[in-house]
Amino acid sequence: MSLVILTIHIPDKQKRIAFAVKIRQIIPQSKTYIPGKKNSLYDSDIGIKANITKEELAKINALIERRGFGCTKRGSLDE
């Protein structure tokens, strides 16, 4: 596995929280955190760390597309 970082732009705070809950349902072994301010395009309210499979990444990407959120991806998943 390699590190994959997804930055998902969700302007509405309630939608961010709902999205994080949905991600936790997809990858229950994940850990949530409040990220520190970094040199990034968007400020984040919620962060999720997890080791995921290609199938879980595909589910997350599908969820992002269905909800119409903007997303940038760094890294790739190698299995």
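Read from the N terminus, the elements of the protein follow the order β-α-β-β-α-β. Two helices and four strands are thus present in the protein. The model is a predicted one, and the mean pLDDT of the protein is 80. A pLDDT of 70 or more is reached by 80% of the residues.

Helix 2, comprising residues 54-67, has the highest confidence in the protein, with a mean of 91. The lowest confidence falls in strand 2, residues 31-33, where the mean is 74.

Among contacts with a separation of 6 or more, 68% are accounted for by residues 24 or more positions apart.

A nonpolar patch on the surface is formed by I17, V21 and I46. Together, these residues have about 210 Å² of accessible area. One of them, I17, is located in helix 1, which spans residues 13-26. The relative accessibility of I17 is 35%, and I17 therefore counts as partly exposed, a class that lies between the limits of under 20% for buried and over 50% for exposed residues.

Notes:
Residues numbered from 1 in each chain as written. Predicted model: local features only at pLDDT ≥ 70, side-chain atom pairs only at ≥ 80, totals over all residues. Heavy atoms only, no water. Contact = heavy atoms within 4.5 Å. Patch = residues over 30% accessible without salt bridge, like charges linked within 9 Å, V, L, I, M, F, W, Y side chains within 5 Å. Areas by Shrake-Rupley, 256 points an atom, 1.4 Å probe, with all protein chains shown as cover. Salt bridge = Lys/Arg side-chain N within 4 Å of Asp/Glu carboxyl O. Buried < 20%, exposed > 50% of the residue type's maximum accessible area, 1.4 Å probe, protein only. pLDDT = per-residue confidence, 0-100.
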